[in-house]
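Open the model in your viewer and show it as a cartoon. The stops below say what to select next and what is there.

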Amino acid sequence: TETGGGTGFIVDSRGYLVTNAHVVKDFSKFEIKLNDHTSVPGVLVAVQPARDLALIQIESKRVDWPALEISERDPQEGETVATMGYPWGLPFSVSLGIVSGISRQKPLQSNAFGCASTYIQIDAAINTGNSGGPLVDMNGRVVGVNAVLISAVREFHGIAYAITPGDVQSFLEEFLP
């Protein structure tokens, strides 16, 4: 059995979470590890490879999941942001960084699965396992989704890309029931 890992975050109190399409592309069963160290099953609801986004619903009777707020604005150049994720199997890791640029195009040497229209360039550490995690502003609002590591050796080198909140909102408007 092939296993893999990535990060996601809850966007709706009914238990819907967002991650990257490249995190889920080779799998049909999902086990979601929560921050209280419990695990719950999940089912894939939608995948949009062109934006590298996927939507999973937690299979649970619970209806009051704590959801992150998605910002209505892109972060600004020079703004401090935090990435959250599961890099190298280290749960609940956070790293701080600065937004280096907005409206960046997908670089040719990237390992991106899809191609969002534009990306947010950050210098916060994104490593294997961070994909699909939230990029948040200092008020805790989601301002992006960790997506692309720019590196020849698949390790952090100071440049990473995140999917914009506008692309996430458009995806959710299309696929969130």
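Read along the sequence, the elements follow the pattern β-β-α-β-β-β-β-β-β-β-β-β-α. That makes two helices and eleven strands in the chain. Helices (H or I, at least four residues) and strands (E, at least two) are DSSP runs, numbered from the N terminus.

The model is predicted: local features need pLDDT of at least 70, and side-chain atom pairs count only at pLDDT 80 or more, while totals for chains, interfaces and linings use all residues. Residues are numbered from 1 along each chain as its sequence is written, and side-chain values use heavy atoms, with hydrogens and water left out.

Colour by accessibility. Of the 177 residues in the chain, 47% are buried. Buried means under 20% relative accessible area, exposed over 50%, and partly exposed in between (1.4 Å probe, protein chains only). Next, draw the contacts, meaning heavy atoms within 4.5 Å. Among those between residues at least 6 apart in sequence, 62% join residues at least 24 apart.

**Stop 1: the open sheet**

Select β1, β2, β5, β4 and β3. These five strands form an open sheet in the order β1-β2-β5-β4-β3, with antiparallel pairing. Two strands pair if DSSP finds at least two bridges between them. β1 and β3 (30–33) each have a single partner strand, so one side of each is left without a neighbour in the sheet. From one strand to the next, the twist averages 45°.

Zoom to β4 (residues 39–48). Six bridges join this strand to β5, and the two run antiparallel. Val47 stands opposite Ala54 in β5.

**Stop 2: the barrel**

Select β6, β7, β8, β11, β10 and β9. The six strands close into a barrel in the order β6-β7-β8-β11-β10-β9, and the pairing is antiparallel. Here, too, the twist averages 45° from one strand to the next. α2 packs on this sheet, touching β8 (119–122), β10 and β11. Its direction makes about 100° with that of β10.

Go to β6. Six bridges join β6 to β7 (residues 93–104), and they run antiparallel. Ala82 stands opposite Leu96 in β7.

Pick Val81, also in β6 (residues 80–85). Is Val81 buried or exposed? At 0% relative accessibility, Val81 counts as buried. The C-alpha atoms of Val81 and Ile98 are separated by 5.9 Å, though the two are 17 residues apart along the chain.

Move to β10. Eight of the eight residues of β10 are buried, so this strand is largely enclosed by the rest of the structure. Three antiparallel bridges join β9 (residues 134–136) to β10. Leu135 stands opposite Gly144 in β10. Five residues lie between the strands of this hairpin, where Gly140 takes a positive phi near 85°. On to β11: β10 and β11 pair in the antiparallel sense over four bridges. Val148 has Tyr161 as its bridge partner in β11.

**Stop 3: the nonpolar cores**

A nonpolar core is a set of buried Ala, Val, Leu, Ile, Met, Phe, Trp, Tyr and Cys residues joined through side-chain atoms within 4.5 Å. The largest one has 21 residues, of which Val18 and Leu172 touch the most other members. β1 (9–12), β2 (16–19), β5 (53–58), β10 (142–149), β11 (160–163) and α2 (165–175) each supply at least two. β10 gives the most, with four residues.

Centre on Val18. Beyond neighbours within four places in sequence, its contacts include Phe9, Leu53, Leu55, Val145 and Leu172. A second, separate core of twelve residues includes Ile10, Val23, Val40 and Ile58.

**Stop 4: the rings**Rings of Phe, Tyr and Trp (its six-membered ring) pair if their centres lie within 6.5 Å; planes under 30 degrees apart count as stacked, over 60 as edge-to-face and the rest as tilted. The structure holds two aromatic pairs. Select Phe171 and Phe175: the ring centres are 5.1 Å apart and the planes at 50°, so the pair is tilted. The two residues are four apart in helix α2, about one helical turn. Phe171 is buried, at 0% relative accessible area, whereas Phe175 is partly exposed at 25%.

Finish at Trp65. The charged end of Arg62 sits over the ring of Trp65, 4.4 Å from its centre. The criterion is NZ of Lys or CZ of Arg within 6 Å of the ring centre and within 35 degrees of the ring normal.

Definitions and conventions: Axes fitted to C-alpha atoms, helices over the stretch in contact; angles between N-to-C directions.
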